[in-house]
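Let's take a walk through this protein together. Keep the picture open beside the text and look up each part as we get to it.

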Amino acid sequence: MNTRVPGTLVVGRVKYFGRHHGEVNSSAFSPTGQTLLTASEDGCVYGWETQSGQLLWKLSGHTGPVKFCRFSPDGSLFASASRDCTIRLWDVASAKCLQVLKGHQRSVETVSFSPDSRQLASGGWDKRVMLWEVQSGQTSHLLLGHQDCVQSSDFSPSSNCLATGSWDSSVRIWDLRSTSHHKLEGHSGNTSCVCYSASGLLASGSWDKTIRIWKPQLASLLLQLKGHVTWVKSLAFSPDEAWLVSAGYSRMVQVWDCKAGKCMEILQGVLDVAHTCTFTPDGKLLVSGAAD
């Protein structure tokens with residue numbers, strides 16, 4: 001692994017969280033950065049103490065692989081999505097399942113909380129995007145339009161819009177005040193991941209091995225990032241938007257300068273295929289989850 005980009009980016013010690021019994025499909029930090037959540041192909045959700053690496057919990061309940069996980073922005077809940085067609089909402093303090101959300105007809109591939117933690121979005125192989133009221137667990141909206149699996153989702157910082165990426169190669173921006181939507185087109189392969197920045201820029205990654213950075217409300221393409229040799233699996237902006245990190249279906253994670261549009265670092269401390277990447281809220285730590 002390289003150790004430094006002069007001036008700004010420092011890559012330090014690598015820590016491994018290695019008690020999974022299947023591929024790590026997703027990872028997420030709590031809002032404080034003190035807890036790391038991982039979702040595994042073994043059907044369990046794991047919680048870790050970030051600094052020590054201590055396993056805090058291993059949660060079962062899903063009857064299929066867990067495809068995605070996410071903390072609520074207020075830090076009180078986390079959600080897990082599974083191939084068993086359900087979403088589970090968990091209480092952080094007790095590590096107990098509070099609700100099982102049912103409505104999808106096939107594997108659920110993505111979940112995301114609104115910034116106020118009141119809504120949850122989900123999508124999956126049934127081509128549906130579903131919006132849920134977190135407190136009641138009831139469906140509030142069913143968003144239809146994608147022609148293939150919905151692989152990723154993220155709320156805008158204002159909570160007014162939801163971005164979804166699909167294997168139909170498009171990104172759709174849903175106005176949640178009216179449920180109207182428009183498409184961002186340009187990828188020539190499945191859109192596998194989407195991610196908003198703090199200011200409202202949107203990044204999308206694809207099987208076409210590229211990353212696109214958009215002004216989503218204007219459907220305007222700002223940058224196209226090329227350099228991955230395999231499809232792009234996961235994206236994350238640093239909190240200050242200086243960096244974008246991307247995990248491809250390979251043994252590396254790439255770090256991009258968002259202003260210059262250049263790859264500044266290739267992190268090769270990954271033992272196997274890198275499935276997911278994310279920053280802590282303070283931007284000081286980066287985690288990647290792998291197939292090993």
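What follows goes from the whole chain to its sheets, and then to its charged pairs.

First, some ground rules: this is a predicted model, so local features need pLDDT of at least 70 and side-chain atom pairs count only at pLDDT 80 or more, while totals for chains, interfaces and linings use all residues. Residues are numbered from 1 along each chain as its sequence is written, and side-chain values use heavy atoms, with hydrogens and water left out.

How far does the predictor trust its own model? pLDDT is the predictor's confidence in each residue, from 0 to 100. The protein chain averages 87 on that scale, and 84% of the residues score at least 70. Where pLDDT is low, the predicted coordinates should not be read in detail.

Now for the chain as a whole. How many helices and strands does the protein chain have? There are zero helices and 26 strands. Both are DSSP runs, numbered from the N terminus: helices are H or I with at least four residues, strands are E with at least two. Buried residues make up 56% of the 292 residues, where buried means under 20% relative accessible area, exposed means over 50%, and partly exposed is in between (1.4 Å probe, protein chains only). The accessible surface of the chain comes to about 12,500 Å², and 48% of that belongs to carbon and sulfur atoms. These areas come from the Shrake-Rupley method with a 1.4 Å probe; for residues, only the protein chains shown count as cover. Among contacts between residues at least 6 apart in sequence, 39% join residues at least 24 apart.

On to the strands. Strands of a sheet pair through backbone hydrogen bonds, either parallel or antiparallel. Here, two strands count as paired if DSSP finds at least two bridges between them. On one hand, β7 pairs with β6 in the antiparallel sense over five bridges, and Leu77 stands opposite Asp91 in β7. The two strands form a hairpin with three residues between them, and Cys85 in the turn has a positive phi of about 80°. On the other hand, six bridges join β7 to β8 (residues 96-102), again antiparallel, with Ile87 opposite Leu101. The hairpin of β7 and β8 has four residues between the strands, and Ala95 takes a positive phi near 55°.

Further along, four strands form an open antiparallel sheet in the order β9-β10-β11-β12. Its edge strands are β9 (108-113) and β12 (139-143), each pairing on one side only. Five bridges join β9 to β10 (residues 119-124), and Phe113 stands opposite Leu120 in β10.

Another open antiparallel sheet of four strands runs in the order β17-β18-β19-β20. Its edges are β17 (191-196) and β20 (220-226), each with a single partner strand, so one side of each is left without a neighbour in the sheet. Inside this sheet, β18 (residues 202-206) and β19 (residues 210-215) pair over four bridges, and Leu202 has Trp214 as its bridge partner.

The structure holds five salt bridges, each being a side-chain nitrogen of Lys or Arg within 4 Å of a carboxyl oxygen of Asp or Glu. One of them joins Glu41 and Arg83, at 3.0 Å from N to O. Glu41 is partly exposed at 26% relative accessibility, and Arg83 is partly exposed at 41%. Together with Lys67, Glu41 and Arg83 are linked in a network of salt bridges.

Arg177 forms a salt bridge with Asp175, with the closest N and O atoms 3.1 Å apart.

Note on methods
Contact means heavy atoms within 4.5 Å.
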